[in-house]
Amino acid sequence: MEHRWGMAIDLDRCTGCEACVVACHAENNLPLSDPDQAEKGRAFHWIRVDRYYEGEFPDIRVKYMPVLCQQCDEAPCEPVCPVYATYHNAEGLNVQVYNRCVGTRYCANNCPYSVRFFNWFEPEWPAPLPLQHNPDVAVRPSGVMEKCTFCIQRIQRVKRDAQAENRHVGDGDVQPACVQSCPAEAMTFGDLNDPESKVSRLAGSGRATRLLEDLGTKPKVFYLQRGK
Amino acid sequence: MYLTADFADADSVARAITALRPQGFHADHLEVFSTEPVEIPGGLLDRPSHMSLAAVASASTFFVLAFLFVRYAQYDYPLITGGMPLFSWWADGVIFYEFTMFGSITATFVMFLIESGLSKRRAPAPVLQAGRILLRISCQAGQAAVVTDSLRQAGAASVTELERT
Amino acid sequence: MSATVEIRGDALRSALWRPLNGFSSRYLLALAVTFLVGAWGLGCWGYQIVRGIGVAGIRRPTMWGFYLVNFVFWIGISHAGTLISAILRLTDAGWRKPVTRAAEAITVFALMIGAMFPIIHLGRPWIFYWLFPYPNSRLLWPNFRSPLLWDVTAISTYFSGGVIYLYLPLIPDLAELAQHATGWRRRLYKLLSLGWTGSDRQWHALERAMKLMAGTILAVAVSVHTVVAWDFAMAVAPMWHSTIYGPYFVAGAIFSGIAALVVAMSVIRRALHLEAYLLPVHFENLGKLLLLMSLLWVYFTVAENLTTWYGNGPAEMSVFGERVRGRYAPFFWFMVFCNFVLPFVLLSVKRLRSVTTITISGVAVLIGMWVERFMIVLPSLSRPHLPAATGFYAPTWVEISITASTFAAMIMFYLIFCKLFPIIAIWEYKHVSHG
């Protein structure tokens with residue numbers, strides 16, 4: 001059976017440390033931006049930690065919510081791309097094809113989670129950062145849309161290795177950069193088609209919710225939280 | 001040869017056409033020239049037109065072609081987007097509609113060129129005069145005198161032979 | 001320039017052919033200014049292509065900005081020709097005749113300008129042709145399910161229809177001009193008139209074709225702006241996802257089209273000294289139509305905003321609040337003033353209706369409708385479903401330059417058109433007896 005990749009994020013464990021954000025930057029060759037550009041909304045964070053504050057001091061409650069591409073099964077971003085630069089692959093991933101993107105940015109407007117980022121200029125990294133680039137991940141040119149890919153390069157590598165070694169991909173073999181680096185072990189990644197996998201069990205638990213579910217996007221990132 | 005008769009209004013042209021009919025001249029031999037569209041009363045010079053039919057036929061053809069093409073293209077390289085079916089009338093209906101209209105537009109323009117005769121070589125035409133209506137008759141040299149007579153009786157201000165330019 | 005049109009014949013022809021000859025200093029100045037502004041805009045676009053689209057003010061989450069506003073605005077203006085020519089032709093309204101060619105010209109030029117914007121706003125415009133279906137080495141087809149593809153199809157169809165609709169009634173006038181022109185003009189008119197001789201066969205074919213085209217172009221025009229509306233309505237962005245958008249945009253397009261026509265006619269009337277042919281009654285009638293569309297526009301606006309407010313959906317209400325009470329409130333109320341309050345007062349009070357006030361209303365509506373397009377695009381993008389992604393847009397000099405250059409380009413195309421062709425259809429005008 002085909003894999004169906006999904007993720008579970010335990011909001012009760014998340015401390016908002018943003019190690020996942022840094023790891024994603026390192027893994028996926030994300031372009032840098034300075035404070036000026038960030039203020040102009042030009043920063044790139046394929047995974048970001050949204051903070052929601054409730055109440056007044058001293059009874060403030062803060063909720064941290066890491067938001068990344070939800071890889072929706074009925075993604076609103078997919079049908080609006082005029083050139084098929086984003087579509088749904090057989091493993092349930094919403095793939096972004098950098099070569100094909102002409103930059104209409106309709107997909108970004110149609111994403112209710114605002115997880116898509118656009119290359120407004122040619123990306124630049126001050127030396128010696130280009131030495132740190134991940135050779136498995138393309139550097140996107142100017143005018144192209146990008147977003148979280150569930151570290152598809154790691155998925156591909158694990159699948160290739162498993163095939164070479166004549167075995168199945170085990171649960172926990174694929175670890176996207178964010179999942180790997182979370183110190184609170186709040187993130188779990190795996191195959192939703194495997195009922196025994198940790199992510200399937202978490203997704204089926206009583207604490208599992210999904211973001212903006214009523215929009216009918218069928219996201220595959222499950223947020224675990226004890227009550228609201 | 002071609003004769004050109006110069007009239008002041010559509011009624012006299014109608015009289016002329018009616019007078020010429022028993023002499024064996026019908027719509028194919030006659031043509032009216034004017035600087036603005038003239039309605040010959042009695043529909044004496046109505047010519048058959050297939051423009052509407054052509055427009056509808058072309059629109060239907062373009063519709064079918066668009067449908068076949070889109071359906072072929074969607075299945076040729078099938079890519080799933082947003083859980084939508086590969087081919088659906090809802091998602092592709094607009095494309096079909098526009099192509100249908102485009103078919104109608106193309107046919108209208110082509111039929112205009114054909115039915116107006118602009119697409120082929122024509123017989124010589126008289127020089128237009130603002131405010132006058134000119135009637136051109138194609139006749140044999142021997143009939144010229146009789147025809148000229150009938151035209152003058154119908155109210156032609158002048159009847160001249162049209163030079164081949 | 002040795003090519004001239006010999007003025008002879010009646011007052012109508014001399015009035016309409018005189019502007020074709022020679023270049024007054026005012027004309028040359030206007031042409032030079034519009035050309036320079038247009039060229040500056042093109043230069044800005046070139047700069048944008050080389051440097052990257054980041055030189056524009058667009059950002060996350062407002063990924064669409066001025067360029068889309070201009071796109072919708074100009075496609076809307078292009079509905080001038082359709083309304084005047086097609087609807088009034090089908091309803092046999094005789095007063096439309098001096099006005100049709102000016103309107104049809106607006107349609108063609110506005111479409112040319114509007115259709116540039118989907119290319120200008122692309123991140124990688126040099127591969128814009130990937131939106132067209134053609135056999136390629138990637139074996140890929142474009143995505144026909146995307147509203148942007150619907151846009152491409154609709155606008156292409158409308159443009160081809162609009163050009164034919166402008167060209168067909170031009171033929172008899174061109175044939176007549178060819179007889180009286182010299183030099184390159186004679187060659188141009190002769191070529192374009194296709195050898196028209198004014199025979200009844202040709203007239204009948206022309207009238208039949210115009211009747212068919214009127215019906216077809218009307219059907220296409222309604223669909224074109226509906227499809228442009230659906231670029232927004234098909235999205236899940238709060239307040240975009242509204243079923244009213246299709247009819248709303250069509251009504252708004254006709255509204256702004258009439259306003260553009262009123263302004264164009266007013267300028268033409270003054271500049272070409274056509275006061276005897278573009279009569280106050282024409283402006284009266286267009287003014288009444290403008291008032292009608294203003295009422296229709298306000299009806300749609302109220303319907304949309306009331307339903308949103310009453311529905312009280314959280315995502316929608318944050319956008320609604322931004323539009324009516326927040327950051328965009330000044331634009332919103334300015335838009336209401338320009339689109340409704342001012343035209344309503346000037347056009348419904350009979351004593352206030354004059355060519356001048358009708359023109360002022362037209363200018364106000366043009367400004368108001370541009371702001372309306374802005375209000376459609378930006379607030380919904382500024383306040384997305386997830387509030388953490390909120391962000392506000394500010395245009396840069398690049399976008400402002402390109403916007404200004406499109407207005408200059410429109411005027412320039414019109415100036416050139418008026419120098420080549422008579423702006424009133426002579427053969428149609430004669431058909432109408434004016435007392």
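Predicted model: local features only at pLDDT ≥ 70, side-chain atom pairs only at ≥ 80, totals over all residues.
Okay, over to chain B. Here we have an open sheet of 4 strands, and the order is β2-β3-β1-β4, with antiparallel pairing. Why do β2 and β4 of chain B each have one side without a neighbour in the sheet? Because β2 (30–33) and β4 (158–161) stand at the edges, so each has a single partner strand. Going from one strand to the next, the twist averages 20 degrees.

Zoom in on β2(B). Its link to β3, residues 133–138 of chain B, is made by 4 bridges, and the two run antiparallel. If you want a pair to look at, B:Leu30 stands opposite B:Ile137 in β3(B). There's a helix packed on this sheet too: α1 of chain B, residues 10–20, which touches β1 (2–7), β2 and β3. The direction of α1 makes about 15 degrees with that of β3(B).

Next, where chains A and C meet. On the chain A side 33 residues are in contact, and on the chain C side 34. Two elements of chain A give two or more residues to this side, namely α3 (106–110) and β6 (117–118). Of these, α3(A) gives the most, with 4 residues. As for the kinds of residue on chain A's side, we have 20 nonpolar, 8 polar and 5 charged.

Last stop, still in chain A: A:His3. You'll find A:His3 in the segment before β1 (5–10). Is A:His3 buried or exposed? It's buried, because 20 other C-beta atoms lie within 10 Å, and 20 or more is what counts as buried. Leaving aside neighbours within four places in sequence, A:His3 is in contact with A:Glu91, A:Asp191 and A:Asn193. Take A:Asn193: it sits 190 residues away along the chain, yet its C-alpha atom is separated from that of A:His3 by 6.0 Å.

Key: Residues numbered from 1 in each chain as written. Chains lettered and ligands numbered in written order. Pairing = 2+ DSSP bridges. Axes fitted to C-alpha atoms, helices over the stretch in contact; angles between N-to-C directions. Contact = placed C-beta atoms within 7 Å. Nonpolar A, V, L, I, M, F, W, Y, C, P; charged D, E, K, R; others polar. Buried ≥ 20, exposed ≤ 12 C-beta atoms within 10 Å, placed from the backbone.
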